[in-house]
Structure formats: C-alpha cells, structure tokens
Amino acid sequence: RWNEAEGECDLMEGYCEKEKVLVIPSKDYGKSFREAFEETGLDEAVERICKLLRDFRFPTEGDFLRAFACVLTPAAMQGGLLGKERAPYFHLTKEEQGTGGGTFCQMMGRLCGQRPRSISNLTQKEMDLAIGGWLMGSSDTIAYLDNITGDAIDKNANLASFVTEESYNARALYKQQFIDVTGRMLMGNSNGAALGDDMIARTVEICLHNRPDNYKYQDWNGEDGQEGLFNEISGNLPDYLGAIYRIFNEWHSDGCPKGKISGFRFKKWEKVLAGIIDYVFPEAFLMEGMDRRRQCLKSADQQMLRSLFKKVVEDEDSVGKQLAAACLARIELGRDAEDDRVGNRAKSLGRVLRKLWPDESEYQFDDLFGVKIEEDWAMSGNEKRYYRITPLERSEEVSHGAEIIDGMLERRRKSSSGGEVVPDCTGLASVEEVAVKAAVSSKVDADLSFEIAE
C-alpha cells in the first residue's frame, strides 16, 4: 500500500485491513519481486512477455497486440489504473479445437499466481450458479468460459451485467449476495459461439489459428507444450510480474504516452492499454481488425460457415469460382442430396449470407477466407447473388505466427520513441500503487518498495 507519510510503498506481512487480504511473503523463488523488477530493463521485459506468446499462432498483428494487452490487464485492473471501470470480456476465437484457447486462459490465471476456474457450456441457470460459486467461494481474479458453443453467451443477459457493473448479484445453491467484482476478469474460448450485440460491445477478441501437426514447441528447461509453459511461469513468477510492472513503470515515467483510440465502450481500459501498446510497439493499433470481427461474432452460424468455406476451398472445382447459394448448399449437403432439401438449404444460406454481408463487395471471414460477392440481374428481373470463396494466404513455414512477434520486436528496436506524450495523467494510479496492489492480489511477495516517480 502507499504510505503517504513516508513517501514510499509499504507492504506489511499478515492481514492487511486496508486491502482486506492476507499477505503471505513468498520464500520459494530465490528472489523477491523487487529484485526481479529492478534487474529487468524495458527491452528484456517486452521480450519476456513476447516469449510467453510465441507458441500461440496469431493470424494478425491486432490479435497479438490484444493478447499482449490481455497479459497486462490484471495488473492495470488490480492496481487501480482503471478506477472503478471494469476490464472487458476477452474472447479467444479458435480456428478449430486444440488451438490453445484454454491454455491461454489458464496461462493468464497462473500469471496471477492462481489456477483459474473453467466454466463449461451450461444452461443459463447452471452458468449463473457456476459464476456465483466462483465469486463466493474464491478470491481468484480470472474465470473463463470453456469451449462455449451456439448462443449460450447471447442468451445469458447476466453476463453483460457482470462484465459492466461494479457489483454483481451472485447466486449459488441456497445463497445470494451482492459482490464487488471490480477486481475480477472474465475470459472465454470458442470455435463458433455467437455473442450477441450486448456482449460484442463489451468484448475484446483474440483469434488463434491451428499449429501444424509437426509443430515443435519452445523448450522450457527440458519441457515443452502446455506443461512446460505452466511450470516456467510457476517457477519464475517474480520474473514475469517484474517484467509486467517494468512496462507500466517506464510508460508512467515517460508521461503516459497515448495510443490510437477506437471508441471502445471500456474507455479507461482502452486509454491505458492502447497507450502502453503504442509505447512498446510504436504506431501499433490495439483494436486493429475488431470492426470486421464483430460481424462474425454476431452470427450463430460462424462455425457452420467456417466448415462450409473449408469444403469449398478444398474442392478445386469450386475454390475461387462463381457460386450461387444453391451451389454452396449442394457442397455442404453432398452431391447426392435431394433437390428439395438442397433448395430449402439454399434459401436458408442465402438469408444468412445476405444478413452478414448485405453489399456487393469483398470481405474477409475469420481471417481464413476471402469472400467476394457479385450481383447480377436475371431476365426475370430478380437479383442473383454469387460468391467467390478463396483461402487467405498464410505461412506454413513459420508455424506459430512468430513472424508477427518478430516483426513487432524489430519495429520496436528501430524506433527511439513511442507516441505523443500527454503529461497529464490525472486519475491514473501511480505505478507504485499498481505494483503493490497487484502483488498483494497475487500473494507473490511482501518485500516490496519503490522510489517515487517524478
């Protein structure tokens, strides 16, 4: 906590009445949080966080930047940089099963010194009870909706309230209680869930693509894959938290440079994280690509279209060719499907595609497919629509999107400054307060002090 009389951070061992937590100093890491912070420079800090993300395959720079911001968000939230505003819902859209969405969510929990609770694809009542049990039964910062499908999120109006409000009416078996949730964060992963307008306005999406079958994971002291990643974090937690707070410290000391703002609903979160992202990766745009992604997140048919388009691009007689809705229906149902069934399905597909893309133009779907829509008029005077489906180019040689991370790091090395400086940081907590509160929340280290930033 911040000691006004002494002008320094003061973290007492035992129960902290002000923060309402039990502070237990850690003796397991061989170094204190303060030592890890002081020995880590900004460049090393950025590269350390990037290394955590290298085994995830991000299709675009925007996805990587939002993943980087996600790693920083619990510190910003717990440290008071967001004030009473909540952190947004982070949704990991997976190309298919096994792309690492659940691993990413669990990694986030371990960076908080915890093991996050997973909530499966349940009914609304069961989901509400599971969230209530999390809030009442633990102090864990993060919970995540695991492999959600269909419209389970769209139908649960309580989720939008939970992500937005300062307090939440939590329900568990035979219990009901209003709980302060400003220190909690909700995540989720899916390969085909529809979020609905309310949740989309509160969502930051991170898209993940598949790794090849022969992919070789990073080596973490003789271990690889998910187990190696988790053991690396658990065994070196002060190093990773020290890196996170070094980034906050440098950004704050430089006057809180601002970044490009998109007008996202969570204004304080975007102001802080966009500023840090632009400071760390000059000229980067945190919310790049989110506008077109929102159209896909609205559709409960996302998974169906992904499967259909995959069949189209795998068929050399169909890929890139002009196809009517009836042709797409025939490809989906099979060449031997009855004509009546194909006709009914063509009408349904036509409605879905027109709702998703109402205008004649070129679009990208799920960062996997290019969709070109062409319109013509038949002799009868009726409008005819055709679709050309092509695969978007993607590198198979670099199998985890590391070329994006390497490119961002190279851009950083070539730049000597990061964005326009805005000296007024009124309303933002100091980095000292961020570090203390988040260290308290994570129960990492009670031996912590900082000098006052100018």
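I begin with a charge and a ring: the charged end of Arg 246 sits over the ring of Phe 37, 4.2 Å from its centre. By this criterion, NZ of Lys or CZ of Arg is within 6 Å of the ring centre and within 35 degrees of the ring normal. Lys 260 likewise lies over the face of Phe 285, at 4.4 Å from the ring centre.

Some notes on the source. The model is predicted, so that local features need pLDDT of at least 70 and side-chain atom pairs count only at pLDDT 80 or more, while totals for chains, interfaces and linings use all residues. Residues are numbered from 1 along each chain as its sequence is written, and side-chain values use heavy atoms, with hydrogens and water left out.

Now the chain as a whole. Its secondary structure comes to 17 helices and 14 strands, taken as DSSP runs numbered from the N terminus (helices H or I, at least four residues; strands E, at least two). Of its 454 residues, 54% count as buried; buried means under 20% relative accessible area, exposed over 50%, and partly exposed in between, with a 1.4 Å probe and protein chains only. Among contacts (heavy atoms within 4.5 Å) between residues at least 6 apart in sequence, 74% join residues at least 24 apart.

I turn to the nonpolar cores, each a set of buried Ala, Val, Leu, Ile, Met, Phe, Trp, Tyr and Cys residues joined through side-chain atoms within 4.5 Å. The largest has 98 residues, and those that touch the most other members are Phe 64, Phe 68, Phe 104, Met 107, Met 187, Trp 269 and Phe 281. Helix 3 (residues 61-78) gives this core its largest share, 11 residues. Apart from this core lies another, of 25 residues, among them Met 304, Val 342, Tyr 387 and Ile 389.

Which residues does Phe 64 contact, leaving aside its neighbours within four places in sequence? They are Cys 50, Leu 53, Phe 58, Phe 281, Ile 404, Ile 405 and Met 408.

The structure holds 18 aromatic pairs. Rings of Phe, Tyr and Trp (its six-membered ring) pair if their centres lie within 6.5 Å; planes under 30 degrees apart count as stacked, over 60 as edge-to-face and the rest as tilted. Phe 68 and Phe 281 form an edge-to-face pair, at 5.3 Å centre to centre and 85 degrees between the planes. This pair links distant parts of the chain, 213 residues apart: Phe 68 is in helix 3, and Phe 281 is in the loop between helix 11 (267-280) and helix 12 (290-298). Phe 68 is buried at 0% relative accessibility, and Phe 281 is buried with a relative accessible area of 0%.

Next, helix 11. Of its 14 residues, 11 are buried, so helix 11 is largely enclosed by the rest of the structure. The buried residues include Trp 269, Glu 270, Asp 278 and Tyr 279. Among the elements that cover them are helix 2 (42-53), helix 3, strand 5 (89-94) and helix 16 (402-414).

Finally, the backbone. Most residues other than glycine have a negative phi. Asn 147 has a positive phi, near 50 degrees, in the loop between strand 7 (142-145) and helix 6 (152-155). Asn 221 also has a positive phi, of about 55 degrees. Is Asn 221 buried or exposed? At 71% relative accessibility, Asn 221 counts as exposed, whereas Asn 147 is partly exposed at 28%.
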